[in-house]
Each structure stands twice: as C-alpha cells, then as structure tokens.
Amino acid sequence: MRLEKTAKAVESTGADAVILFNESNMHYVCGFSPSEGVVLITRDGIGYHIVDSRYTEVAKKHADETGLNVIEISNTFIDEIKKLAEKHSIKSLLYENETISLAKFRQYTEKLDGVEFVELKDKLAKLRNIKDIDEINFIKDANNIAEKSFTELLNEVKVGKTEKELAALFDYLMAKNGSDGLSFDTILLTGAHTSMPHGVPDGRKISSGDFVLFDFGATYKGYHSDMTRTVAVGYATDEMYEDYNLVLNAQKAGIKALEAGAKCADVYKAAYDVLEEKDKAKYFRHSLGHGVGLDIHEGYNASPKSKDIFEVGNVTSIEPGIYIPDKYGIRIEDLLYISPRGRENLSKITKELIIL
C-alpha cells in the first residue's frame with residue numbers, strides 16, 4: 001500500500017510526518033488529482049486527506065482503498081494541519097522543497113510555530129519511480145488509447161492538410177477514445193519543421209515527400225503515455241530511408257541496453273554510438289529518454305550526465321532522433337517497462353517506415 005510505503009520513507013528520514021501539496025504526489029497516495037487540498041502522513045502510517053466540500057465525496061470513495069482519513073475543512077487547510085500537528089506531536093515535518101511556492105512555505109512555517117521543516121528532496125520521487133501493477137495497467141490503458149487514435153488519424157494525413165488541423169483532430173480522437181486529457185501539447189510537424197524537436201504545429205501544409213512527425217500521449221486515471229512516430233507522405237528518398245533506419249537502429253540499441261542495473265548514461269551511449277558511427281550523433285540534441293507516470297517527465301533520464309541506475313519498476317521512454325536544420329527531423333519513441341521478468345515494450349505501433 002502506498003500509504004505504508006510513504007510512511008516508511010518518512011520514518012527513514014527521522015522526521016515525524018510529511019505534508020504534500022503537489023498534485024501528482026497527492027494523487028500517488030490518495031488515488032486522484034484534486035486541484036486543491038493537503039495530504040499529511042505520519043511516520044507511524046496514519047494518513048489524512050484534507051479537502052474542501054468540492055472533493056469530500058470523491059475523497060471518501062478513494063479512501064476506502066487508500067486508507068486515508070478524510071477531513072473536510074471548516075475554516076482553512078492550515079488550521080486543520082495545525083490541529084493534526086498538535087494531535088500527533090509533530091516536531092519535524094518533511095515538505096516538498098522542489099515544488100512548494102515561497103508564499104505557501106512562509107504561510108505554513110509561520111503558522112506551525114515550533115515545527116522544524118525538513119526538505120523532502122527526492123524521497124517520494126524515488127518511491128513513485130518504482131511503479132506497482134495498478135500503475136502499469138493505467139499507463140498501458142493510456143497508451144492503448146493513444147495508439148488507437150494514432151491509427152485512426154493516419155487515415156486523415158494527406159497532402160494539403162495543415163499541422164494545426166491534424167493536431168486538433170488528433171486531440172479530439174484521443175478524447176473520443178477515452179483519454180482523460182493530453183499528456184502534453186501534441187507535437188505534429190511536417191517537412192523542414194520536423195527538424196525542431198519540440199516545434200509547435202502551425203498552418204504549414206503537408207507536401208508529397210515530406211516526413212511528418214507525431215509526438216503524442218493520452219492520460220488515464222492520472223497516468224500518462226508517450227510515443228513518437230515519423231512517417232512519410234507519398235514517397236521517401238533513399239536518403240530518407242537511410243536516415244530513418246539509422247534512428248531505428250539507434251533506438252533498438254538503446255532498448256537492448258535497457259535493463260535493471262544498467263546505468264542511465266550507458267543506455268544513452270548505446271544509442272548515441274550507433275548515430276556516431278554514421279557521423280549523425282551531432283544531430284541528436286536531447287536525452288535518450290525520461291521516466292513517465294503521474295507526470296510526463298518523472299524519475300530517471302537516460303542522459304550522458306546521469307548518475308542514476310535503472311531498476312525494476314521503472315517506466316521510461318527510449319527516443320533517439322536526428323534533427324537536420326532546414327531539412328528534416330526523425331524521432332522514434334517507445335515506452336518501456338522494466339518488469340520483474342525483464343524488459344517489456346508497451347508500444348505496439350510498427351516502427352518500420354510508414355508511407356502514406
């Protein structure tokens with residue numbers, strides 16, 4: 001149970017409790033994402049979800065599974081926290097030093113006189129980085145929604161269509177197919193625009209012989225998916241095929257290197273070296289992948305500077321790309337889960353070059 005895991009993490013620091021404001025951290029322990037509220041968990045495993053009247057009913061439904069005690073505020077959130085601090089003799093309190101606003105920090109430290117505030121740092125992030133089976137299933141559901149929508153969208157990708165209209169249609173299809181929302185703003189680029197790794201769709205029209213790059217994700221029960229595919233419209237030149245297959249081979253090398261115990265930097269290098277052999281690594285300008293879960297970017301990055309080591313329970317993207325200015329870009333991205341049985345690719349859409 002996540003309540004128990006969080007309580008053990010608190011106990012390991014020597015603090016008396018942890019206070020959570022961050023929406024994703026709260027979701028992790030209370031099972032949904034309230035836009036406002038506070039979670040307090042003591043070192044001995046007693047948890048509280050403090051809400052206003054908007055969320056009382058849904059919080060109580062989730063509490064049947066999470067084990068949290070739901071408190072509806074009668075005045076302010078901080079008043080309830082002060083009562084609980086006194087009830088449990090809390091003298092030291094972990095707080096989310098990486099995400100809390102300065103105004104909120106000052107408000108709570110001033111009100112909770114006599115309580116020492118201790119930086120949480122990455123304690124909860126490390127817990128969240130190791131997914132349980134329910135989390136994996138939610139990510140799979142989100143991915144299935146995104147893949148179904150992508151397959152449907154391909155029928156509409158034609159010469160003369162604009163990036164913006166196709167991106168809008170893509171977002172609609174994901175909503176229609178069950179997505180709770182977008183993982184991030186959909187990236188849908190064509191032609192020379194694909195050389196911008198995170199370009200924004202505009203009125204640019206698809207031409208025959210263009211690459212079209214799709215970077216997209218759906219969400220389900222708060223969990224994200226992430227996938228990138230690059231297709232060609234009409235035809236592809238020999239050079240386009242050669243560059244596409246080079247990126248694909250780099251991705252395969254990165255995936256092969258991914259396993260529990262592997263250094264994140266070594267997984268990056270496995271893909272990088274494939275590109276470097278053809279003098280194309282200079283066009284690869286981002287990390288090889290990032291953790292995915294309640295946030296679209298969480299957990300470890302497969303980057304050359306990372307000191308982290310992959311472990312069982314991690315979910316990460318593997319997404320090499322090359323971006324040649326004023327020419328084209330190619331990126332191929334899958335979502336991988338390091339299960340107790342080994343590496344599992346959650347992405348099922350073909351990676352052979354599709355010609356529409």
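Me: Does Lys-140 count as buried, partly exposed or exposed, and at what relative accessibility?
Reply: This is a predicted model. In it, Lys-140 counts as partly exposed, because its relative accessibility is 26%.

Me: With which residue does Lys-140 form a salt bridge?
Reply: Its partner is Glu-344, and the closest N and O atoms are 3.1 Å apart. Lys-140 belongs to helix 7 (residues 133-154) and Glu-344 to strand 18 (residues 342-345), so the pair ties together parts that are 204 residues apart in sequence.

Me: And Glu-344, is that buried or partly exposed?
Reply: Glu-344 is partly exposed, at a relative accessible area of 22%.

Me: How many salt bridges does a search of the whole structure find?
Reply: The search finds 25 salt bridges. One of them joins the side chains of Lys-111 and Asp-79, at 3.7 Å from N to O. Lys-111 lies in helix 5 and Asp-79 in helix 4 (residues 77-87), so this pair ties together parts that are 32 residues apart in sequence.

Me: Which of those two is buried, and which is partly exposed?
Reply: Asp-79 is buried, with a relative accessible area of 19%; the cut-off for buried is under 20%. Lys-111 is partly exposed, at 35%.

Me: Where do Lys-269 and Asp-273 lie?
Reply: Both are in helix 10 (residues 264-277), four residues apart, which is about one turn of the helix. Lys-269 counts as partly exposed at 44% relative accessibility, and Asp-273 is partly exposed with a relative accessible area of 30%.

Me: Which residues do salt bridges with shared partners join into one network?
Reply: Arg-128, Lys-131, Asp-295 and Glu-298 are joined in that way.

Me: Changing topic to the strands. Which strands are joined to strand 5 by bridges?
Reply: Strand 1 (residues 17-20) is joined to strand 5 by two bridges, and these strands run parallel. Strand 6 (residues 116-119) is joined to strand 5 by four bridges, also in a parallel arrangement.

Me: Are the faces of strand 5 covered or exposed?
Reply: Both faces of strand 5 (residues 92-95) are covered. Ser-92 and Leu-94 are buried on one side, and Leu-93 and Tyr-95 are buried on the other. In a regular strand, side chains alternate between the two faces of the sheet.

Me: What unit do strand 5, helix 5 and strand 6 make?
Reply: They make a right-handed β-α-β unit, with helix 5 spanning residues 102-111. The same helix holds Lys-111, the salt-bridge partner of Asp-79.

Me: One more residue. Where does His-27 lie, and is it buried or exposed?
Reply: His-27 lies in helix 2 (residues 23-30). His-27 counts as buried because its relative accessibility is 5%, and the cut-off for buried is under 20%.

Me: Which backbone oxygen does the side chain of His-27 reach?
Reply: The side chain of His-27 reaches the backbone oxygen of Lys-221, at 3.2 Å.

Me: Which residues does His-27 touch, not counting those up to four places away in sequence?
Reply: His-27 touches Arg-2, Phe-32, Ser-33, Lys-221, Gly-222, Tyr-223 and Leu-294.

How values were computed. Residues are numbered from 1 along each chain as its sequence is written. This is a predicted model: local features need pLDDT of at least 70, side-chain atom pairs count only at pLDDT 80 or more; totals for chains, interfaces and linings use all residues. Side-chain values use heavy atoms; hydrogens and water are left out. Buried means under 20% relative accessible area, exposed over 50%, partly exposed in between (1.4 Å probe, protein chains only). A polar contact is a pair of N or O atoms within 3.5 Å; within protein, one must be able to donate a hydrogen and the other to accept it, and residues adjacent in sequence count only if both atoms are side-chain atoms. Contact means heavy atoms within 4.5 Å. Two strands pair if DSSP finds at least two bridges between them. A crossover is right-handed if, with the strands pointing away from the viewer, the path from the first strand over the helix to the second runs clockwise. A salt bridge is a side-chain nitrogen of Lys or Arg within 4 Å of a carboxyl oxygen of Asp or Glu.
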